[in-house]
Amino acid sequence: MRSGLRSGQLAEAAGVNQQTLRYYERRGLVAEPDRTLGGHRLYPPETVTIVRVIKTAQRLGFTLDEVAELLSVGAHRHGRRPEAGLRARAQAKLAEVERKITDLSVIRETLREAVAAGCDDLVACAESPRCPLPFVELTSQAGC
């Protein structure tokens with residue numbers, strides 16, 4: 001009998017569900033496993049690490065397409081340093097996250113001002129000079 005992990009065992013060990021495994025397999029993130037004579041999937045034990053890496057990368061903000069590229073770069077580097085490896089992509093993702101944090105900070109402050117101004121009606125607030133929401137700025141930007 002061949003050795004390996006069945007779908008349920010792998011899913012449990014990696015902390016995902018079996019549908020996630022099949023989705024990763026369809027997307028090419030996880031190699032298609034061998035099968036038993038009965039048709040059950042048998043994944044190599046190192047697939048647990050691959051699935052954990054995928055989930056961690058997703059939690060760090062990488063899309064599945066980006067994860068696929070990172071896995072591909074890592075699998076094909078053959079001792080050479082890839083130009084767009086993890087470090088470069090992590091730096092780009094960090095810059096993206098920092099931009100989002102800046103944007104979210106502006107949104108948070110604007111919403112705090114809206115709450116403090118007592119804005120209960122969106123239209124009435126938009127017509128008020130006290131309104132902290134950037135209606136005028138958004139309207140002028142839309143016309144550009």
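Student: Which residues does Arg-41 touch, not counting residues up to four places away in sequence?

Tutor: Contact means heavy atoms within 4.5 Å. With that separation rule, Arg-41 touches Leu-5, Arg-6, Ser-7, Arg-22, Glu-25, Pro-33, Asp-34 and Arg-35. Keep in mind that this is a predicted model, where local features need pLDDT of at least 70, side-chain atom pairs count only at pLDDT 80 or more, and totals for chains, interfaces and linings use all residues. Residues are numbered from 1 along each chain as its sequence is written, and side-chain values use heavy atoms, leaving out hydrogens and water.

Student: Is Arg-41 buried or exposed?

Tutor: Buried means under 20% relative accessible area, exposed over 50%, and partly exposed in between (1.4 Å probe, protein chains only). Arg-41 counts as buried because its relative accessibility is 17%.

Student: Which side chain does Arg-41 join in a polar contact?

Tutor: A polar contact is a pair of N or O atoms within 3.5 Å; within protein, one must be able to donate a hydrogen and the other to accept it, and residues adjacent in sequence count only if both atoms are side-chain atoms. Here the side chains of Arg-41 and Glu-25 are joined at 3.2 Å.

Student: In which element does Arg-41 lie?

Tutor: Helices (H or I, at least four residues) and strands (E, at least two) are DSSP runs, numbered from the N terminus. Arg-41 lies in strand S2, residues 41-42. The protein chain has seven helices and two strands, in the order α-α-β-β-α-α-α-α-α from the N terminus on.

Student: How far does helix H5 reach from its first C-alpha to its last?

Tutor: The expected span of a helix is 1.5 Å times one less than its number of residues. H5 has 31 residues and reaches 44 Å, close to the expected 45 Å. Just after H5, Gly-118 has a positive phi of about 75°.

Student: Which residues of H5 are buried?

Tutor: They are Arg-89, Lys-93, Thr-110 and Ala-114. Take Thr-110, which counts as buried at 18% relative accessibility. A polar atom of its side chain lies 2.9 Å from the backbone oxygen of Val-106. Leaving aside residues up to four places away in sequence, Thr-110 touches Pro-132, Leu-133 and Pro-134.

Student: And Leu-104, is that residue buried or exposed?

Tutor: Leu-104 lies in H5, residues 86-116, and is exposed because its relative accessible area is 54%.
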